[in-house]
Amino acid sequence: MKTSRPVGIIGYGAYIPMNRLKASEISRVWGGCAEPIEEKAVASIDEDAVTIAVECARYAIKRAKIDPREIGAIYVGTESKPYAVKPCGTIVAEAIGATPHVTAADYEFACKAGTEAFQACIGLVSSGMVKYAMAIGADTAQGRPADPLEYTVACGGAAFIFTLKSERTLAYLEGSYSYVTDTPDFWRRGLEMYPRHGNRFTGEPAYFRHIIGAAKGLMAELGYGPEDFKYAVFHQPNVKFPVKVAKRLGFSMDAIKPGLIVPYVGNTYAGSTPIGLAATLDVAEPGDRILVVSYGSGAGSDAFSFVVQDAIMEGRPRDLPVSAFIARKRYIDYSLYSRMRGKIHL
Amino acid sequence: MSVPRYWREIKYRYRLIGELCTECGAIIFPRRSLCPHCGCRELEECKLSETGTVLSWTVIQHPPKGYEKYAPYVVALIKLDDGARILSQVVDVEPEEMRVGLRVEATFRRVREDGSSGIIEYGYKFRPIIEEP
């Protein structure tokens, strides 16, 4: 998909809570042995998807150096809404001072809700309906105790502000591509606290089929091959999947390394691909082309091609990189984790 | 806190909006109907600084109703960089790491919630300033 007018990213910000739970601590409690990541980020007891979304939104505005009252749309992609009915978007809009002349809502599409919000924001900006549009992917993901998912489900998010391409934008969009089917690989029914998943079914017919479909579709539309991209970001539910999909699509480890944060942060669901893009933008140089492909169970992928612009250098080293949030950490044990994530009922 | 009261205070709690006394120039938080320093009633809204320095602090072990799940937590008197003084929880810090002079910045957190079905109250708290590694 191509926009009628060129669109770019003018600001972005990420946020990762400081608590870390080591995978070895989960193994100690439940007796597992295969640890898919090193450690994961855990929200404090007073943090949720809304507070994480507000944090990244504020960093994005700071980087963009814009008046929040000029933001015309705020969409929060999350599957961990604190309220079943009451939007996160309105709370974010109020907290950053964007109300009341703004459209705001929440998106739900498992781990790709954040990039689904990208698509909507890009369309609104390209059409001229709004000057700035903010898309956020933020989650405090849930995992049933002792489930293999518990090793990876994590908390964090990133926000991106889109506007028409100019010399002030940090990167511009070349095109996007969405690939969606009805694939029941992972779900959570209403009022259920934890999701269920199809174990090995989540791999080939779900993650790989959709990511490869979206990536190949976009590259065919743009006439590019993997050699045309300096960097690539793939949804990262664990370390194995994005490494494997990169190899199958012809991308090197060097291309995915800057955005591969899952070993130290975990799978932040709707925040996963956006944080990966933020980490890649932190190190990218003007002219670098970045392929971004999300994946959300249920299922679908959004693929984007961005080209980094000169303005990216202006924010360095002033703006906080993703690495600052990865480095800021305090380790917790399984007991404290259980308390923070509401697994203990009094 | 009632829902209407929470709603009325959203702007001040979410975005750290205080008041400036047009007579003596004092910055006041939370908002009041008259200046506590000179008694002037002409007060204008102003955005407070989001960074400051800890003047004093304590650890709350036995919290009031509604805050039980957060205990123990740190509460500090903070002098903001614009001169205003504010009482706030300080998060992402262990009590043994607290000290007078600690530089802190505003963050956005859950402050209290009305059980599992009531409103969730959000607002400012402070944390040690996040810096590049």
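Biologist: How many residues does the contact take from chain B and from chain A?

Modeller: The contact takes 17 residues from chain B and 22 residues from chain A. Keep in mind that this is a predicted model.

Biologist: Which elements of chain B supply at least two residues each to the side that touches chain A?

Modeller: Those are helix 2, strand 7 and strand 8 (120-128) of chain B. Strand 7 of chain B gives the most to that side, with four residues.

Biologist: And by class, what is on the side of chain B that touches chain A?

Modeller: There are nine nonpolar residues, one polar and seven charged on that side.

Biologist: Let's step back to chain B as a whole. How many helices and strands are there in chain B?

Modeller: Chain B has two helices and eight strands.

Biologist: What percentage of the residues in chain B are buried?

Modeller: Buried residues make up 26% of the 133 residues in chain B. As for contacts in chain B between residues at least 6 apart in sequence, 46% of them join residues at least 24 apart.

Biologist: Now the sheets. What is the order of the three strands in the open sheet of chain B?

Modeller: The order is 2-1-3, and the pairing is antiparallel. Strand 2 and strand 3 of chain B are the edge strands, each pairing on one side only.

Biologist: How many bridges join strand 1 to strand 3 of chain B?

Modeller: Five bridges join those antiparallel strands. To find a spot to look at, go to Leu20(B), which stands opposite Glu44(B) in strand 3 of chain B.

Biologist: What holds paired strands together in general?

Modeller: Strands of a sheet pair through backbone hydrogen bonds, either parallel or antiparallel.

Biologist: Is Leu16(B) buried or exposed?

Modeller: Leu16(B) is buried, because 20 other C-beta atoms lie within 10 Å and the cut-off for buried is 20 or more.

Biologist: And what about Asp92(B)?

Modeller: Asp92(B) also isn't a glycine, yet has a positive phi of about 55 degrees. Asp92(B) is in the loop between strand 6 (85-90) and strand 7 (103-113) of chain B. Asp92(B) is buried, with 21 other C-beta atoms within 10 Å.

Biologist: Where is Arg5(B), and is that residue buried or exposed?

Modeller: Arg5(B) is in helix 1 (residues 3-8) of chain B. Arg5(B) counts as exposed, with 9 C-beta neighbours inside 10 Å.

Biologist: Over to chain A. Which domains is chain A divided into?

Modeller: Domain 1 covers 7-169 + 321-338, and domain 2 covers 171-314. Their C-alpha centres lie 16 Å apart. In chain A, 50 residues of domain 1 are in contact with 46 residues of domain 2.

Biologist: Which helix gives the largest share of the domain 1 side that touches domain 2 in chain A?

Modeller: Helix 4 of chain A does, with seven residues. By class, that side of domain 1 of chain A has 25 nonpolar, 14 polar and eleven charged residues.

Biologist: Last one: why is helix 9 of chain A described as largely enclosed?

Modeller: Eleven of the twelve residues of helix 9 of chain A are buried, so the helix is largely enclosed by the rest of the structure. The buried residues include Ser272(A), Pro274(A) and Leu281(A).

Notes
Residues numbered from 1 in each chain as written. Chains lettered and ligands numbered in written order. Predicted model: local features only at pLDDT ≥ 70, side-chain atom pairs only at ≥ 80, totals over all residues. Domains from an automatic or database assignment. Contact = placed C-beta atoms within 7 Å. Nonpolar A, V, L, I, M, F, W, Y, C, P; charged D, E, K, R; others polar. Pairing = 2+ DSSP bridges.
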